[in-house]
Amino acid sequence: MTAMTQTTESSGTATLLDRNRRFAGDFAAADLPVLPKLRTVMLTCADARVDPAHVMGLELGDAVVIRNTGGRVTPEVVQEVAALAFLVGQMEGSTPGRFELVLMQHTQCGAERFADPQLQGALKAKLGVDVSHVAITDHEQSLREDIQRLRDAPELPGHIIVSGLLYDVRDGTVREVIAPAPLAD
Ligand SMILES: [Zn+2]
């Protein structure tokens, strides 16, 4: 990058800090409780078009949001949710309250490209990265697979209520693919 472009283009960091100054200027959220108001954890894709604060109107303090490639359930996600559920249990004592986990995938997801065996092979060979477990070919099937991964995780308490949603990046709508139900019946 030349000195010229540096002076004419604002960096991502500078833009974000500038926006934060405006945000902090009328900040009024200092007393929010630690536990999310909607008692909900959302898992969704890291894609820039899929921010639940916008898509689902999440306000500060509403929900815990976990984002990764595709919004898929990985061993890391299972560990994070288990740790969160444990923490909530510690805070609430013997009768834990409602704990919802919302899985939200989206159309035109980059994880659909990971279904290409050639790309999978190239990533494995060049970077040693295995993306087969996050590849998406069919959203409904992937959501069902992810819920099964959660059910198969013994560290997750059965009272967690899980649902599966699909966000359409072309028209902004979210469709309920799998209705909310507890992990264990
Ligand atoms: Zn995506």
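Reader: Which residues have the most contacts inside the largest nonpolar core?

Author: Happy to start there. A nonpolar core is a set of buried Ala, Val, Leu, Ile, Met, Phe, Trp, Tyr and Cys residues joined through C-beta atoms within 7 Å. A residue is buried if 20 or more other C-beta atoms lie within 10 Å of its own, exposed if 12 or fewer, and partly exposed in between, with C-beta atoms placed from the backbone. In soluble globular proteins, nonpolar side chains tend to be buried together. Here the largest core has 27 residues, and those with the most contacts inside it are Leu43, Leu101, Val102, Leu103, Met104, Ala111 and Leu165. Strand 1, helix 4, strand 3 and strand 4 each give two or more residues to this core.

Reader: What should I know about the model and its numbering?

Author: This is a predicted model, where local features need pLDDT of at least 70 and side-chain atom pairs count only at pLDDT 80 or more, while totals for chains, interfaces and linings use all residues. Residues are numbered from 1 along each chain as its sequence is written.

Reader: Which residues is Leu165 in contact with, leaving aside its neighbours within four places in sequence?

Author: Two residues are in contact if their C-beta atoms, placed from the backbone, lie within 7 Å. By that rule Leu165 touches Val102, Leu103, Met104, Val174, Arg175, Glu176 and Val177. For the protein, residues 24 or more positions apart account for 65% of the contacts with a separation of 6 or more.

Reader: How many helices and strands does the protein have?

Author: Helices (H or I, at least four residues) and strands (E, at least two) are DSSP runs, numbered from the N terminus. The protein has 6 helices and 5 strands, and from the N terminus on they run α-α-β-α-β-α-β-α-α-β-β.

Reader: What is the order of the strands in the sheet, and why do some stand at the edges?

Author: Two strands pair if DSSP finds at least two bridges between them. The sheet is open, with 5 strands in the order 2-1-3-4-5 and mixed pairing. Strand 2 (63-68) and strand 5 (174-182) each have a single partner strand, so one side of each is left without a neighbour in the sheet. Strand 1 (residues 40-45) pairs with strand 2 in the parallel sense over 6 bridges, and Thr44 has Arg67 in strand 2 as its bridge partner.

Reader: Which strands does helix 4 touch, and what angle does its direction make with that of strand 2?

Author: For angles, axes are lines fitted to C-alpha atoms, for helices over the stretch in contact, and values run from 0 to 180 degrees between N-to-C directions. Helix 4 (residues 75-92) packs on the sheet, touching strand 1, strand 2 and strand 3 (100-106), and its direction makes about 165° with that of strand 2. Helix 6 (residues 139-151) also packs on the sheet, touching strand 3, strand 4 (161-167) and strand 5, at about 20° to the direction of strand 5.

Reader: Is helix 2 largely buried or in the open?

Author: Of its 14 residues, the number buried is 0, so helix 2 lies largely in the open.

Reader: Where is Arg39, and what is its phi?

Author: Arg39 lies in the loop between helix 2 and strand 1. Its phi is near 50°, a positive value in a residue other than glycine. Arg39 is partly exposed, with 15 other C-beta atoms within 10 Å. Gln108 is found in the loop between strand 3 and helix 5 (117-127). Gln108 is not a glycine either, yet has a positive phi of about 55°, and Gln108 is exposed.
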